[in-house]
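I opened this notebook to record what I looked up in the structure. The entries follow the order in which I worked.

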Amino acid sequence: MTLAVRYTAARTLETAPAETRSPGPGEVELAPAFVGICGTDLHIFHGDMDARVHTPAVLGHEMSGRVVRVGPDVEGWAPGDAVTVMPLRWDNTCPACLKGRQYVCQHLDFIGIDSPGAMQQRWTVPASTLIRLPETLPLDRAALVEPTAVAVHDVGRAEVAKGEKVVVVGGGPVGILIALVARAAGADVRVVELSAHRRLLAEELGLSTWDPAAVDVPELVGEWTGDAGADVAFEVSGAAGGVTTAVDVLGVRGRLCLVAIHPKPREINLHRFFWRELTLVGARLYDRTDFEKAVVLVADGTIPAERLISKVVPLTEAPAAFEALEGGGDVMKILVDCTTDTDGATV
């Protein structure tokens, strides 16, 4: 019997024994090592996704681990292989899939939300979801490959090019990752963030930041760009004010990439879209090439994953970690160690 963290009701998580399901044809059994807690997990914890999440639900989709067993008809994988998981299962029959956009399948199973996730000591998944990790990459850092893949996809959707001026509104984990990926693409980047703690971390990573409570961000963008405006803005804050800022900083034919999940409709200045011929681009999830590029960026240090990890807790302390993340600004990324109990003993 192994342990799993289950969501059972709003603001209620339990760590309890769970049965391990043997891998069937085309499946593998994994031993998750580290699992990151993300904003979507917090939405689930708050009860905001009860219409979609079937309780009791095992959460977690940002992970790293090793193969334990392979099922029938699985080739290319063996026990001990270091892996992460692209947590998407699609139907290959809907209009989106038939157009080659399987990652936005109209009947998508997002593993860790719509089906059991990684926050457990044994996890059976389709072999098709596995992404190989280099043996030289520490597994705690590898847990940030999934959010890095999000950033890679976002930067690709916005078509960020070398030399462009980019504003990232929101300096949480995904915002910082977008800024780092955009910088690696050759862009000149500014991060807009209210939290002093997050601004300090961004600056320690070599990123320039602005506090929107203390400065006029559009005015500073004008000075920075010679009144041309930014080429690209990423809205990662999820706040109404963030949307306004992201639109206001853009220059003629600028691109606004919407990354944050806004739970309700927002007002937006459509006149500015008309006047400056702006483009709004949605960005959701990732495909395999995004994941593979993310592995490279984390492995070669372009993404300093170790600097983004605020804390690592054992599986049995995962419920408290969710509460710690609610404070927001002073915490970046908390990982759940699925390999140890509360005393640090290997399980």
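I took two strands as paired if DSSP finds at least two bridges between them. Helices (H or I, at least four residues) and strands (E, at least two) are DSSP runs, numbered from the N terminus. I noted that this is a predicted model, in which local features need pLDDT of at least 70, side-chain atom pairs count only at pLDDT 80 or more, and totals for chains, interfaces and linings use all residues. Residues are numbered from 1 along each chain as its sequence is written, and side-chain values use heavy atoms, with hydrogens and water left out.

Entry on the hairpin. I found strand S1 (residues 2-9) and strand S2 (residues 12-18) running antiparallel, joined by seven bridges. Two residues lie between these strands, and Arg-11 in the hairpin takes a positive phi near 60°. I located Ala-4 opposite Ala-16 in S2, and Thr-12 in S2 as the bridge partner of Ala-9.

Entry on the sheet. I read the strand order as S2-S1-S4 in an open sheet of three strands with antiparallel pairing. S2 and strand S4 (57-58) stand at the edges with a single partner strand each, so one side of each has no neighbour in the sheet.

Entry on salt bridges. I counted a salt bridge where a side-chain nitrogen of Lys or Arg is within 4 Å of a carboxyl oxygen of Asp or Glu. The count by this rule comes to 17. For Arg-52 and Asp-114, the closest N and O atoms are 2.6 Å apart. Arg-52 is in the loop between helix H1 (39-45) and S4, and Asp-114 is in the loop between strand S8 (109-110) and strand S9 (123-126), 62 residues apart.

I next looked up Glu-164 and Arg-255, whose side chains meet in a salt bridge (2.9 Å, N to O). Glu-164 lies in the loop between helix H4 (145-157) and strand S11 (165-169), and Arg-255 lies in strand S15 (residues 250-258), 91 residues apart. Are these two residues buried or exposed? I use buried for under 20% relative accessible area, exposed for over 50%, and partly exposed in between (1.4 Å probe, protein chains only). Glu-164 is buried because its relative accessibility is 14%, and Arg-255 is buried at 17%.
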